[in-house]
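The following exercises are to be worked with the sequence and the model at hand. Each task is followed by a solution in steps.

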Amino acid sequence: MTPEEFDTCFDRFSESAWRLETLQRYIFAGEDERVRAWREGRPRPERSVRTSPWLRRVAVTTAAGKRWGRVHVVKHPLSDYLRYQMTGKIESAAAGEEIRIADQASDLSLATVGPDFWLFDGDSPDAYAVLMHYDKDGRWLGGEFATDREVLEKCRRDQALALAHSVPLNVFLAGAGADTLGRVA
């Protein structure tokens with residue numbers, strides 16, 4: 001699946017786009033400088049529906065009645081990258097995405113979910129998924145489009161398990177303490 005083919009998945013869903021994240025670090029082109037700025041206590045560039053095509057897409061489609069959601073299964077202590085990424089999750093939630101966090105320690109079965117995926121229109125007969133493939137460092141290698149019934153059922157089971165053991169982002173951040181978003185010393 002090419003990046004362009006992956007991108008079209010977000011244009012064609014009609015009801016919901018849902019993401020399972022299981023890695024403790026992802027590597028995206030151009031993100032190193034933003035992480036470094038965060039570590040040094042410098043402000044992040046504005047990321048909002050005005051400046052981010054991704055967040056604009058989320059806001060426009062949620063305003064049209066489509067649902068976006070995700071659960072990130074995390075391990076403690078949070079990696080520096082996840083602490084940094086929580087700010088981005090706040091921005092995504094402000095655009096209309098329902099963000100939840102599942103602490104892997106809350107239920108050992110959370111270790112069985114994955115690999116990462118996007119599930120589109122998961123409750124409909126037209127459901128499809130993109131299985132996300134990453135290298136050991138968290139670099140995206142590509143996605144695999146799936147409509148196979150067994151694959152979709154696995155995605156739905158993983159989704160249900162992750163949702164059952166997750167809390168809304170703000171609840172997680174409140175419980176994790178003020179240090180969650182702090183920079184690394």
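**Exercise 1.** How many residues does the largest nonpolar core have, and which of them have the most contacts inside it?

*Solution.* The model is a predicted one, in which local features need pLDDT of at least 70 and side-chain atom pairs count only at pLDDT 80 or more, while totals for chains, interfaces and linings use all residues. Residues are numbered from 1 along each chain as its sequence is written, and side-chain values use heavy atoms, without hydrogens and water.

Step 1. A nonpolar core is a set of buried Ala, Val, Leu, Ile, Met, Phe, Trp, Tyr and Cys residues joined through side-chain atoms within 4.5 Å; buried means under 20% relative accessible area (1.4 Å probe, protein chains only).

Step 2. The largest such core has 20 residues, and W68, W118, F120 and V130 have the most contacts inside it.

Step 3. At least two residues each come from several elements, including helix 1 (3-12), helix 4 (80-95) and strand 5 (128-134); helices (H or I, at least four residues) and strands (E, at least two) are DSSP runs, numbered from the N terminus. Strand 5 gives the most, with four residues.

Step 4. A second, separate core has 15 residues, among them V71, F117, L119 and L152.

**Exercise 2.** Determine the strand order of the sheet and identify its edges.

*Solution.* Step 1. Two strands pair if DSSP finds at least two bridges between them. The sheet is open, and its seven strands follow the order 6-5-4-1-2-3-7 with mixed pairing.

Step 2. Strand 6 (140-146) and strand 7 (166-168) each have a single partner strand, so one side of each edge strand is left without a neighbour in the sheet.

Step 3. Strand 7 runs antiparallel to strand 3 (residues 98-103), and three bridges join them. S166 in strand 7 is the bridge partner of A102.

**Exercise 3.** Describe how helix 4 packs against helix 2 and against helix 3.

*Solution.* Step 1. For helix 2 and helix 4 the angle is about 95 degrees and the axes are 10 Å apart; axes are lines fitted to C-alpha atoms, for helices over the stretch in contact, and angles run from 0 to 180 degrees between N-to-C directions.

Step 2. Helix 2 is therefore roughly perpendicular to helix 4, a term for angles of 65 to 115 degrees, whereas roughly parallel applies under 35 degrees.

Step 3. Helix 2 contributes R34, V35, W38 and R39 to the contact (heavy atoms within 4.5 Å), and helix 4 contributes D80, Y81, R83 and Y84.

Step 4. Helix 3 and helix 4 pack at about 30 degrees, with axes 8 Å apart, and are therefore roughly parallel.

Methods:
Buried < 20%, exposed > 50% of the residue type's maximum accessible area, 1.4 Å probe, protein only. Parallel < 35°, antiparallel > 145°, perpendicular 65-115°, else oblique.
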